[in-house]
Amino acid sequence: MGSSDRAVPSLVVCVCVEKYSSQSNHASGCFTGDSTVLTESGTRRRLSELRIGEKVQAIDATGNTVFSEVMMFMDRDTHQRREFVTIEAEGGAMLKVTPAHLVMVWRKEHAETRFVFADRVREGDHVLVHQAGTARHAEGPVLEPRRVHRISAMLADGVYAPLTREGTIVVDTIAASCYALIDSQTVAHLSFLPYRMVEKLWSLFERASATDSLSLPRHEGIHWYAKSLYTIKDYLVPPSWLYH
């Protein structure tokens, strides 16, 4: 499958921090805590129980499914109440995600995928769904377009925004970005390159010292790196690229 994204300017950063919040317009949050992901072991895990260092199903740059390491939670707040968009696709797949979050949509007329803000997905669009019967060790081209037949809104407590090395994630069998707010998956992913490089070096050290690299996040709320990117986004990102 091909993919489409905006041209990438130099020196532009972004963060999965959204303006939707009942408490603060700096709050982020992508999925509900009861949303699930497929782990490398073949089991499904709730995001509220997901640990840093686990490998979960994601989408690589070629459009294939891979298992990608969870590097951090850009936001993790067990009590915050947020508004979520519920996207239901044919076959029963359903994604609960915040409005400014990027979701992978299949454009049949162009035979390509594009990342679209969740509240701009429409009934009749096609999202990419992990095919049934390919759950265990599912890597490769196992996604298929499914027609969206219902979109609704809901309120829920708890927000969870895991970041994988690929910058994508398959949640409740539907493919999505790890990012939000900015209309460019490429730029959003590049903004976390410094963190990925440092974290990679640290993970090599942990393996060399034989320490357990799986852990629950130590912070509640927005991660410091994500928060720092949010504070400078208005100076570096064109306003037309931001979610309004």
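Here are some notes on this predicted model, point by point.

1. **Ground rules.** The model is predicted, so local features need pLDDT of at least 70 and side-chain atom pairs count only at pLDDT 80 or more, while totals for chains, interfaces and linings use all residues. Residues are numbered from 1 along each chain as its sequence is written, and side-chain values use heavy atoms, with hydrogens and water left out.

2. **The overall picture.** The chain has three helices and 13 strands; these are DSSP runs numbered from the N terminus, with helices being H or I of at least four residues and strands being E of at least two. Buried residues make up 54% of the 244 residues. Here buried means under 20% relative accessible area, exposed means over 50%, and partly exposed is in between (1.4 Å probe, protein chains only). Of the contacts in the chain with a separation of 6 or more, 68% are between residues 24 or more positions apart, a contact being heavy atoms within 4.5 Å.

3. **Strand β9 and its partners.** Four of the five residues in β9 are buried, leaving the strand mostly covered. On one count, two bridges join β9 to β7 (residues 101-107), and these strands run antiparallel; Val105 has Val127 as its bridge partner in β9. Five bridges join β9 to β10 (residues 143-164), again antiparallel, and His130 stands opposite Leu143 in β10. For reference, two strands pair if DSSP finds at least two bridges between them.

4. **Val129.** This residue sits in β9, which covers residues 126-130. Val129 counts as buried because its relative accessibility is 2%. Leu143 is 14 residues away in sequence, yet the two C-alpha atoms are 5.2 Å apart. Leaving aside neighbours within four places in sequence, Val129 is in contact with Ala93, Val142, Leu143, Glu144, Arg146, Thr173 and Ile174.

5. **Two positive phi values.** Thr173, one of the contacts of Val129, has a phi near 75°, a positive value in a residue other than glycine. Thr173 is found in the loop between β11 (168-171) and β12 (174-180), and is partly exposed because its relative accessible area is 22%. Leu181 also has a positive phi, about 75°, although it is not a glycine. Leu181 lies in the loop between β12 and α1 (185-191) and is buried, with a relative accessible area of 5%.

6. Asp77 lies in β5 (residues 65-89), and, not counting residues up to four places away in sequence, touches Gly158, Val159 and Glu220.

7. **Salt bridges.** A search of the whole structure finds eleven, a salt bridge being a side-chain nitrogen of Lys or Arg within 4 Å of a carboxyl oxygen of Asp or Glu. Asp157 forms one with Arg81, the closest N and O atoms being 2.9 Å apart. That pair links distant parts of the chain, with Asp157 in β10 and Arg81 in β5, 76 residues apart. Asp157 is partly exposed at 46% relative accessible area, and Arg81 is partly exposed at 38%.

8. Glu54 and Arg45 form a salt bridge, with their closest N and O atoms 2.9 Å apart. Glu54 counts as buried at 6% relative accessibility, whereas Arg45 counts as partly exposed at 22%. Arg45, Arg51 and Glu54 are linked in a network of salt bridges.

9. **Cysteines.** How many disulfides does the model have? The count comes to zero, taking a disulfide as a pair of cysteine sulfur atoms within 2.5 Å. Cys178 is in no disulfide, and the nearest cysteine sulfur, that of Cys30, is 7.8 Å away. Cys30 counts as buried because its relative accessibility is 1%, and Cys178 counts as buried at 1% as well.
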